[in-house]
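Here is a short report on surface, fold and aromatic rings. Look at the model first, then read on.

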Amino acid sequence: MTGPADTSGPAAPAIKAADSLVALREHIGDCHRCALGDTRTTLVFGVGDPKARLMFIGEAPGRNEDLKGEPFVGAAGHLLDELLAEIGMTRGDVYIANILKCRPPANRDPQPGETQTCTPFLEEQVRLIDPAVIATLGNHATRFILKTDRPIGALRGRLFHRGGRCVVPIYHPAAALYDRSKAEVLSDDFRRLRTVLDRVASGQMPDESGDQPALF
Ligand code: SF4
C-alpha cells in the first residue's frame with residue numbers, strides 16, 4: 001500500500017522526510033520543539049514491527065512509559081497485550097506509537113500546540129511503516145486521525161477509510177481499568193479488528209461503515 005498517510009494535522013513545522021524509522025529517530029534527536037521536552041524523562045518514539053500491517057496509535061506516554069521509554073508498558077499496556085493475545089497476536093506483530101512522544105505533566109491532556117508540533121513525526125512513522133490498518137486508542141488519537149470532534153464512544157465499533165487505510169477507533173485500554181464495563185466492549189472491538197485484518201490480508205477492503213454501525 002502506497003497511499004498517503006492522511007494523518008495531516010494543522011499546519012506544522014516541516015520535518016525532513018526520513019528514509020527509515022532509525023533515520024527519523026535520529027532526526028527527532030533530543031527534542032525540545034515543544035515544552036514537554038523540558039519535563040519528560042525519556043522520549044517515547046514507538047515500538048514494534050517496522051513493517052507491521054496493524055499500527056496502534058495512543059495518546060501520550062504515562063509515568064511508566066516516560067521512565068522506560070516504551071509505549072504501553074503500565075497496566076494499560078498489560079491489558080493491550082492480553083487483548084492482542086485474545087486475537088492471536090503479540091506486540092511484536094504490530095507497531096505502537098502515540099500522538100505525543102513525551103509525557104505531559106501529571107498525564108494531562110495533550111495541548112493543541114503540542115499535538116501540532118509533534119504529530120508530523122507520527123505522520124512520518126505512518127508513512128514509513130505503511131500499515132494497512134490503524135487502530136486509534138481513545139479520544140485524542142481518534143480525533144486526530146479522523147479529523148473529528150466526536151467522542152470515541154460515538155465512533156468505536158465503526159470502520160473508516162483514510163488514505164487507503166482502514167481506521168478502527170477503539171477505547172483506550174486505560175478506560176477499561178477505570179470502567180470494567182468497557183472491558184467487554186474492548187474485547188468485541190479487538191475481535192472486529194481481527195476480522196478487518198483477515199479481510200485485508202485476503203485482498204478485500206472492508207466497506208467503510210462511517211456513521212452506520214459496523215457490519216464487519
Ligand atoms: S512532545 Fe514531540 S515535539 Fe514535544 S518535545 Fe517531545 S518529541 Fe518534541
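## Surface and burial

The chain has 216 residues, and 50% of them count as buried (under 20% relative accessible area; exposed is over 50%, partly exposed in between; 1.4 Å probe, protein chains only).

This is a predicted model: local features need pLDDT of at least 70, side-chain atom pairs count only at pLDDT 80 or more, and totals for chains, interfaces and linings use all residues. Residues are numbered from 1 along each chain as its sequence is written, and side-chain values use heavy atoms, leaving out hydrogens and water.

## Fold

The chain holds 8 helices and 6 strands (DSSP runs numbered from the N terminus: helices H or I, at least four residues; strands E, at least two). Along the sequence the pattern reads α-β-β-α-α-β-α-β-α-α-β-β-α-α.

Residues 24 or more positions apart account for 73% of them.

## Aromatic rings

The whole structure has 1 aromatic pair (Phe, Tyr or Trp six-membered rings, centres within 6.5 Å; planes under 30 degrees apart are stacked, over 60 edge-to-face, the rest tilted). The ring centres of Phe56 and Phe190 are 5.8 Å apart and their planes lie at 20°, so the pair is stacked. Phe56 is in strand 2 (residues 54–58) and Phe190 in helix 8 (residues 181–201), 134 residues apart. Phe56 is buried at 0% relative accessibility. Phe190 is buried with a relative accessible area of 0%.

## Charges over rings

Lys147 lies over the face of Phe144, 4.0 Å from the ring centre (the criterion: NZ of Lys or CZ of Arg within 6 Å of the ring centre and within 35 degrees of the ring normal). The charged end of Lys182 sits over the ring of Tyr171, 5.1 Å from its centre.

Note on methods: Contact means heavy atoms within 4.5 Å.
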